[in-house]
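The exercises below go from whole chains to a pair of helices and then to an interface. Work through each task before reading its solution.

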Amino acid sequence: MTKRYSFPQAALALVIALFLFIFLVIPVFTVIYVAFTSNGSFTLSHFQSFFHLTLMREAFYNSLIVGLMSVVLSSVFALPLAYFITRFQFKGALLIQTLGVLPLIMPPFVGAAAMQLLFGRSGSVNLILGEWFGFTVPFMEGLNAVIFVEALHYFPFILLNLTVALNNIDSAMEESAQNLGASGLRLFRRIVFPLAMPGYVAGAALVFLKVFDDVATPLVLNVTNILAAQAYLRITSIGIDDPIGYVASVIMVVASMAALWGSTWVMRGKDYATLQRGGSSLATRKLRPWQAVFAYGWIIFVLLLVLSPHLGILLLSFSKVWSYSVLPDTYTLENYVTVFRDSPFMLWNTALYCGIAGGLDVLIGVAIAYLMLRTRLPGRHALDFIATGAVAIPGVVLGIGYLRTFRDFNVPFADMPFTSFWLLIAFAYTVRRLPYALRSCVAALQQLHVSMEEAAENLGANNRRTIWRVVVPLMAGGILAGFVTSFLTAAVELSATIMLVSATSDAPASYGIYLYMQSIAGRGPGAALGVIAVALVGVGTYASHRIMRARNLRFEALQALK
Amino acid sequence: MAKVKVEFQNIALAFGKTQVLRDIDLAVEPGEFFALLGPSGSGKSTLLRVLAGFARPQAGRVLVDGKDISAVPPWQRDIGMVFQNYALWPHMTVAQNVAFGLEERRLPKTVIAQKVAAVLELVGLAELGARRPSQLSGGQQQRVALARTIAIEPKVLLLDEPLSNLDAKLRVHMRMELLALQRKLGVTTIFVTHDQEEALSISDRVAVLEAGVIQQVGTPVELFDHPLNRFIANFVGTANMFAGTLRPGADGMVFESAALGTLSLPGAPAALAGAVEIAFRPHVVTLVEAGAAPDVGLIWLKGTVAAREFLGEFIRYVVTVGTNDIVADQAHYTDARKFEPGDAVDLGIQPEQIRVLRA
């Protein structure tokens with residue numbers, strides 16, 4: 001390579017950098033700046049007053065407890081499942097895939113109201129328990145509710161990561177231990193589990209981040225004494241100048257970064273994917289009868305729990321009255337009529353915002369991936385670092401940052417403050433989902449051997465033509481995956497949305513569901529809108545899955561010819 | 001270390017409908033360095049895994065030191081195996097890897113420490129105990145894998161393609177080291193390889209497998225000089241082969257074929273009369289200029305040089321005889337007579353060097 005980069009590449013990098021600075025770096029630093037200054041000079045007084053408030057101290061501890069306990073409860077669900085699926089002859093692939101997409105297509109706040117009706121003090125389960133066995137279980141009391149609902153939704157992150165890690169262990173790892181005399185539980189404890197540890201830690205960190213970030217679920221469950229809810233409430237009720245909300249934001253960012261940093265630190269230098277070319281994964285065994293009873297029992301139990309918010313929301317959407325009873329008393333289609341009369345524009349908003357976010361994400365993702373892997377442009381890794389860093393910024397914090405940073409700006413050519421411009425919501429989605437889309441694009445480009453491009457150049461295609469005719473078509477699978485993931489996860493985003501929606505007419509469906517869920521009367525229509533959204537997202541996921549499968553098959557055929 | 005005998009008796013194994021091993025009968029003598037040689041998919045690794053307990057045959061028995069171990073689980077067999085990819089655990093140091101088997105045997109800590117140090121010394125890695133496997137070179141990793149296995153003082157040592165992950169120079173060096181180590185320990189050793197040079201150079205005896213069947217068992221020299229069939233003749237070294245008929249003639253046996261005409265093979269066993277194949281190695285063929293006084297002791301054929309390859313120690317000629325090609329290797333030294341493509345030549349072959357195989 002004679003030149004390290006070309007002018008268009010540098011210009012492209014500059015545009016992306018500018019976007020990331022305006023919509024990620026500056027807002028976050030604004031939040032930090034406000035938290036640490038008083039009248040322009042550095043101060044810790046806001047932190048002092050924060051920790052003087054009993055409510056804030058409580059919120060701080062509660063957030064940590066909810067985050068950690070959600071990880072613990074998720075692990076309780078996920079560990080046995082991962083073990084069964086990887087170690088026994090068991091057709092679990094479909095189950096894993098299904099479980100893996102459920103939290104993507106339905107976020108916890110949607111199902112939260114239904115969970116109250118099913119597991120609350122006078123919910124279905126406790127009504128049955130109370131009647132038959134004379135006791136009830138406080139599933140949904142206070143923090144329990146948040147932990148229970150979050151763990152049920154996010155345990156697939158641990159399950160998926162752990163399953164991949166277990167499947168990446170070469171069978172020779174286990175066989176050599178057996179050959180040297182180890183077996184059974186000792187073998188699992190000394191060899192299998194340590195090797196799968198990185199997968200578990202990655203999944204656990206992700207669960208913690210998701211739970212810590214979530215503001216809507218606690219609010220729907222009427223739990224306000226946690227950090228995200230307090231940050232939101234302080235800013236929306238007291239005002240954009242209240243420093244306590246900023247302190248809460250800074251603490252959330254620090255905790256998220258600590259979780260991310262901690263998980264990478266624990267696992268530094270431990271890339272344990274030991275599976276070799278031509279090697280085989282760990283051997284699976286046949287279940288003995290009593291093992292089969294236990295395994296299937298556990299799987300059915302977890303499946304019932306996982307499906308309960310989905311079934312609950314479906315029941316709720318068709319119910320007229322549902323309280324103090326195991327099942328709804330009367331059924332109706334009225335809720336759907338209400339939704340189709342009042343809220344189709346919300347679905348349209350969701351499609352618009354998420355379409356913009358998904359499109360921008362893959363554009364930026366492909367560009368950064370290309371700059372990183374195919375040029376030696378200075379600062380290309382900083383670009384990747386900043387874009388990826390968005391993972392650690394909770395949605396509420398980003399939202400507060402936007403409100404504060406852009407409060408004195410107006411939309412060009414319109415007499416409207418920039419903070420109430422709908423495009424800001426789309427940009428927030430773009431920034432928040434960029435890390436995932438970027439990884440998808442980078443992975444797609446990494447798989448593409450550079451000789452493919454060299455061959456094109458050798459046959460007379462210039463740089464631009466090569467990218468267009470060879471790189472992009474071959475990356476299409478990764479690009480599509482990135483777009484779909486960004487689109488779908490943005491569709492169920494609420495943490496930043498809740499801060500940035502200024503008029504109901506600009507609200508996306510996720511915000512609409514939340515609004516409905518605020519009142520008892522709105523639960524029915526809210527559930528109906530939730531069902532419609534989940535159905536649309538589900539269909540989208542399935543369709544993209546089919547398209548990508550077809551593509552993969554084509555490429556596999558090509559590989560087989562080699 | 002007590003030397004033990006290993007016997008496979010009528011082993012048959014199938015994965016689903018694929019028959020991987022068919023009726024394997026094989027005895028490995030105490031203290032032998034024994035090679036299982038075969039192309040990929042021949043079942044040689046599976047046979048090794050049967051002995052280690054990782055593959056379960058549908059029929060047959062495995063005897064170690066005269067005792068049937070078919071029902072013993074892998075972790076109680078005391079048969080040390082070095083895996084092809086070494087299978088070093090990345091979450092443990094070199095010393096922890098080596099100590100693992102000893103810990104599983106519940107030896108006292110002090111004994112384990114001594115043994116680990118001794119065995120690392122033996123493989124020349126005494127200084128590297130605290131390293132992680134990922135910090136070692138391929139050759140060092142293999143020594144660790146070896147150390148880990150011999151630390152438990154196994155009854156039998158199994159090596160699955162032990163040299164395949166090393167580069168060519170190191171491979172030659174390591175195979176001499178392996179042999180030296182085996183002689184020192186005296187442990188019965190079975191190793192699997194697809195590389196005939198590797199098998200012939202260091203093993204006491206070799207079993208050649210193909211399609212799940214043992215084709216021949218013997219010393220390296222026996223295999224090379226007296227291949228039992230077409231597969232062995234081609235797989236162990238290279239051979240010129242021609243099909244034809246063997247029948248009694250005036251002075252002993254005569255081989256007739258369309259390709260070579262009638263050849264007199266006085267020493268051929270009369271018992272093989274009928275359809276046969278003959279095989280001879282490229283280096284037993286003598287090439288001379290056409291018409292140069294032929295030696296009466298040899299069989300002479302007429303041909304034309306079609307191509308040649310210079311291989312250093314010798315030149316490999318492809319000579320067209322009639323419509324067939326014969327490969328002839330001629331020793332090379334400075335000023336040796338060379339032939340060009342197109343040259344007419346006479347090919348001389350000693351009848352005793354021609355093997356007759358049942359077709």
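The radius of gyration is taken over C-alpha atoms, and the globule rule is 2.2 Å times the number of residues to the power 0.38. The model used throughout is predicted.

**Exercise 1. Compare the radius of gyration of chain A with the value for a compact globule.**

Step 1. Chain A has 562 residues, for which the rule gives a radius of gyration near 24 Å.
Step 2. The value for chain A is 25 Å, which agrees with that of a compact globule.
Step 3. For the extent along the principal axes, the C-alpha atoms of chain A fill a box of roughly 70 × 70 × 50 Å.

**Exercise 2. Describe the make-up of chain A: secondary structure, burial and contacts.**

Step 1. Counting elements gives 23 helices and four strands in chain A.
Step 2. Of the 562 residues in chain A, 46% are buried.
Step 3. Take the contacts of chain A with a separation of 6 or more; 78% of them join residues 24 or more positions apart.

**Exercise 3. Do the corresponding analysis for chain B.**

Step 1. Chain B contains eight helices and 20 strands.
Step 2. The C-alpha trace of chain B spans about 80 × 50 × 35 Å along its principal axes.
Step 3. Buried residues account for 37% of the 359 residues of chain B.
Step 4. Among contacts in chain B with a separation of 6 or more, 65% are between residues 24 or more positions apart.

**Exercise 4. Which helix of chain A gives the largest share of the side that touches chain B?**

Step 1. The contact involves 20 residues of chain A and 19 residues of chain B.
Step 2. Helix 8 (171-179) and helix 9 (184-213) of chain A each supply at least two residues of the chain A side.
Step 3. Helix 8 of chain A provides the largest share, seven residues.
Step 4. By class, the chain A side has nine nonpolar, eight polar and three charged residues.

Conventions
Residues are numbered from 1 along each chain as its sequence is written. Chains are lettered from A and ligands numbered from 1 in the order in which they are written. This is a predicted model: local features need pLDDT of at least 70, side-chain atom pairs count only at pLDDT 80 or more; totals for chains, interfaces and linings use all residues. A residue is buried if 20 or more other C-beta atoms lie within 10 Å of its own, exposed if 12 or fewer, and partly exposed in between; C-beta atoms are placed from the backbone. Two residues are in contact if their C-beta atoms, placed from the backbone, lie within 7 Å. Ala, Val, Leu, Ile, Met, Phe, Trp, Tyr, Cys and Pro count as nonpolar, Asp, Glu, Lys and Arg as charged, and the others, Gly among them, as polar.
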